[in-house]
Amino acid sequence: MGNVLNYFGNMVQTKAEIIENRELLPATYYQLSLKVQRIAQVSKPGQFLHIKVNQGIFPLLRRPFSIHRVRRENVDLLYKIRGKGTKILSRRKRGQYLDLIGPLGKGYKLPDKGVRIILVAGGIGVASLYFLAEELTQRSLPYITLIGGKKSEDILCRDEFKQLGGVVKISTEDGSLGRKGLVTDLLQELLPTPHCYLRLWSDGNA
Ligand SMILES: Cc1cc2nc3c(=O)[nH]c(=O)nc-3n(C[C@H](O)[C@H](O)[C@H](O)COP(=O)(O)OP(=O)(O)OC[C@H]3O[C@@H](n4cnc5c(N)ncnc54)[C@H](O)[C@@H]3O)c2cc1C
């Protein structure tokens, strides 16, 4: 199929076309959309892609990024610039191709009905939890989303989570948005009685 270089069961190594590489916060957060139909068809929440960010030899190793969202034949990623690899990735342009392997990982185990679900995201951790929230919404499984960050600019996807219809609570360490404090403070308030069965999904620095 198209640009697929290798097949390993559901997983492929392929060249994916960049549809968009959008800066969400200057030199910090980006949203990358890739046209990669075969991966879009089989991906599950909690899985990730292993991306060769450059065409040349540096950096040698691929970088892992969670699947944030799947839209028809496109897969979206959300990433934060940390070092050289993510900086190079942020400079890649629409129409260029990225060599990647995926989907990797087993994905999140989905809960049974009747379990209280809390999604806890620290900063860029919203990336994989949004895909999970979409899946829970489709299955009519209620959940609460807690998103925490250092400051308001670090709170990503708040509106997207709200549009899914669930309860969304925010905390920032400097108090610039939502409750002042850590996302784990919000969680503490929701902690159940000893007889309640709770399932928690957490990603990022939560
Ligand atoms: C399964 C998996 C899924 C991931 N999903 C995402 C995602 O959806 N979005 C995203 O932005 N990132 C995600 N990451 C983290 C991402 O892979 C790294 O941020 C990236 O590889 C850094 O590459 P770099 O070359 O820019 O930084 P490097 O040059 O490798 O590192 C630069 C500096 O940043 C530090 N650093 C590197 N990674 C992290 C990290 N994760 N947290 C804190 N400090 C770090 C290093 O210790 C070093 O000091 C994921 C990681 C894993 C293992």
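1. Domain bounds here come from an automatic or database domain assignment. On that basis the chain is divided into domain 1 (4–104) and domain 2 (116–204). Please keep in mind that this is a predicted model: local features need pLDDT of at least 70, side-chain atom pairs count only at pLDDT 80 or more, and totals for chains, interfaces and linings use all residues. Residues are numbered from 1 along each chain as its sequence is written.

2. Let us begin with how the two domains meet. Their C-alpha centres, those of domain 1 and domain 2, lie 24 Å apart. The contact takes 13 residues from domain 1 and 10 residues from domain 2, where two residues are in contact if their C-beta atoms, placed from the backbone, lie within 7 Å. On the side of domain 1 that touches domain 2, β2 (11–25) and β7 each supply at least two residues. The largest share of that side, 4 residues, comes from β7. Its residues divide into 8 nonpolar, 3 polar and 2 charged. For these classes, Ala, Val, Leu, Ile, Met, Phe, Trp, Tyr, Cys and Pro count as nonpolar, Asp, Glu, Lys and Arg as charged, and the others, Gly among them, as polar.

3. A word on labels: helices (H or I, at least four residues) and strands (E, at least two) are DSSP runs, numbered from the N terminus, and two strands pair if DSSP finds at least two bridges between them. Strand β1 (residues 4–8) pairs with β2 in the antiparallel sense over 4 bridges, and Phe8 has Met11 in β2 as its bridge partner. These two strands, β1 and β2, form a hairpin with 2 residues between them, and Gly9 in the turn has a positive phi of about 65°.

4. On to the other partners of β2. Strand β3 (residues 29–35) pairs with β2 in the antiparallel sense over 7 bridges, with Arg22 opposite Gln31 in β3. Here the hairpin of β2 and β3 has 3 residues between the strands, and Ala27 in the turn has a positive phi of about 55°. β2 is also joined to β8 by 6 bridges, and the two run antiparallel; Lys15 has Asp99 in β8 as its bridge partner.

5. Arg94 is worth a visit in your viewer. You will find Arg94 in the loop between α2 and β8 (97–104). Is Arg94 buried or exposed? Arg94 is exposed, because 11 other C-beta atoms lie within 10 Å; a residue is buried if 20 or more other C-beta atoms lie within 10 Å of its own, exposed if 12 or fewer, and partly exposed in between, with C-beta atoms placed from the backbone. Leaving out residues up to four places away in sequence, Arg94 touches Ile18, Ile19, Glu20 and Asn21. Arg94 and Arg22 are 72 residues apart in sequence and 9.5 Å apart in space, C-alpha to C-alpha.

6. Now for the ligand. Of the 17 residues around the ligand, Ser66, Gly83, Gly85, Thr86 and Ala127 come nearest; a residue is near a molecule if its C-beta atom, placed from the backbone, lies within 6 Å of it. β5 (63–66), β7 (74–80) and α2 (84–91) each supply at least two residues of this shell. By class, the shell has 9 nonpolar, 4 polar and 4 charged residues.

7. Last, strand β9 (residues 116–122). Of its 7 residues, 5 are buried. β9 pairs with strand β10 (residues 143–149) in the parallel sense over 6 bridges, and Ala121 has Ile147 in β10 as its bridge partner.
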